Amino acid sequence: MTTERSVEVTHVSRPATTPSQTVGPFFALPGGLPWPDGPELLPPEAPEAVMLRGRLSDGAGEPIPDGLIEIWQADERGGFAHPDDPRQQTTDFPGFGRCATGPDGEFWFRTVKPAALPTPAGETEAPHINVTVLARGLLDRVVTRIYFPDEPAANAVDPVLSGVDPARRDTLVATATADGFRFDIRLQGDDETIFFAV
Amino acid sequence: MSTDSIGKPSDRLILPKYERDDASHPALDTTEYFSTSLRSPLRPLQLLPQNLTEITGPVLGHERVGETDHDLTVQHGGEPLGERIVVSGRVVDSDGKPVPHALVEIWQANASGRYRHAGDRHPAPLDPNFSGTGRCMTDENGHYRFVTIKPGAYPWRNHDNAWRPAHIHFSLFGRAFTQRLVTQMYFPGDPLFYQDPIFQSVRDPKARERMICEFDLDSTIPEWALSYHFDIVLRGSHATPFEEDEDDDDD
């Protein structure tokens with residue numbers, strides 16, 4: 001009897017999560033999810049700024065024109081603009097960017113390459129950017145990570161990157177371009193990007 | 001505290017951990033919703049440990065919210081057509097804690113079931129006085145409130161004579177990258193639920209109910225607008241970080 005009651009109380013105080021649903025095709029309304037400055041984490045004149053470009057495509061290799069890409073990352077010193085970072089490495093860098101894909105599936109951000117980060121287990125995570133992909137046809141967001149091609153030593157010991165299938169690891173590593181990096185995202189297919197459950 | 005280097009290995013980081021609950025969410029490869037067929041990843045998802053990038057998240061403040069963003073009925077020169085409604089509720093996490101100062105974004109069709117979007121081909125009238133987008137912040141107790149127009153149902157081409165139930169899209173960030181949620185709010189008793197593969201993609205009937213708002217007489221505005229209540233529950237966080245060494249393989 002007592003046990004049953006306590007189970008009930010526990011249930012009441014722990015509501016279950018609201019389910020995810022697709023953004024649908026029409027989130028890019030005037031005043032809607034995409035913001036004019038959404039892809040610009042830094043102004044063009046910022047000396048540390050790099051361009052991150054990519055293309056979102058489907059299982060047929062076709063570009064996805066109704067996708068939304070969001071990024072979340074630390075700054076070039078490893079700081080997050082967030083109170084829950086116990087290192088309290090506060091920063092003015094917003095860390096968040098949002099870009100709707102164009103008719104050609106392309107997206108872009110003006111950002112910085114982040115620093116490596118410590119983990120609670122005493123390991124070091126290589127510089128990385130977390131990515132959320134939302135689109136018509138995706139009933140829940142999918143999450144991936146961008147690593148950097150000029151960090152082979154850090155990438156080799158990164159606890160996430162070194163734990164994934166070596167044959168698919170390259171799908172998480174950007175390529176260098178004249179003004180920054182390129183990271184294409186393939187939702188499906190032989191070269192499907194690695195996606196994560198968080 | 002140094003600001004020019006990462007933490008020393010000897011600094012023990014203590015981080016919250018956000019619970020996953022896969023049972024609440026739809027499967028990406030819900031075949032009845034045809035757009036999933038080329039867009040849902042086919043390989044298994046890899047588990048991402050919850051480290052610094054995952055337990056932090058965008059802090060989007062009032063600079064993102066304009067004065068009339070919460071009231072979709074006053075954003076233009078005239079009154080939008082349709083049934084005015086108030087939609088309010090609370091954003092909490094699955095530990096029952098309110099999520100304060102969080103950005104809530106909505107977008108929707110107008111009363112006739114048409115989006116103000118070049119890609120919407122439904123031959124229903126556009127409303128010059130309705131954009132269908134809104135933003136607000138939750139208060140210190142997690143409460144949010146919008147004034148809008150009840151959206152209409154509309155046809156789409158997923159299957160023979162397919163109609164979307166009336167719905168309002170919601171986007172929330174919560175406090176951490178792991179709490180990000182995009183969902184849809186549906187209206188009670190909609191006769192279109194049974195044939196909608198997006199609503200039905202959530203297999204658990206109890207979980208589907210969590211996407212349906214409740215009529216809320218107490219929040220109606222007499223002589224002016226009806227009201228609906230919609231609470232949104234994000235993943236909760238455990239404050240206690242030390243849970244043995246299962247971080248790599250638990251779920």
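This is a predicted model: local features need pLDDT of at least 70, side-chain atom pairs count only at pLDDT 80 or more; totals for chains, interfaces and linings use all residues.
Residues are numbered from 1 along each chain as its sequence is written, with chains lettered from A and ligands numbered from 1 in the order in which they are written. Local features need pLDDT of at least 70 and side-chain atom pairs count only at pLDDT 80 or more, while totals for chains, interfaces and linings use all residues; side-chain values use heavy atoms, leaving out hydrogens and water.

In total, 93 residues of chain B are in contact with 79 residues of chain A (heavy atoms within 4.5 Å). The two chains bury about 7500 Å² between them, 58% of it on carbon and sulfur atoms (accessible area, 1.4 Å probe, lost on being put together and summed over both parts). Of the area that chain B buries against chain A, B:Arg39, B:Gln46 and B:Phe177 supply 11%, more than any other three residues.

Polar links also join the chains: 43 residue pairs are in polar contact, both residues at pLDDT 80 or more (N or O atoms within 3.5 Å, one able to donate a hydrogen and the other to accept it; residues adjacent in sequence count only if both atoms are side-chain atoms). There are 6 salt bridges between chain B and chain A (a side-chain nitrogen of Lys or Arg within 4 Å of a carboxyl oxygen of Asp or Glu). In the salt bridge of A:Asp37 with B:Arg64, the closest N and O atoms are 3.3 Å apart.
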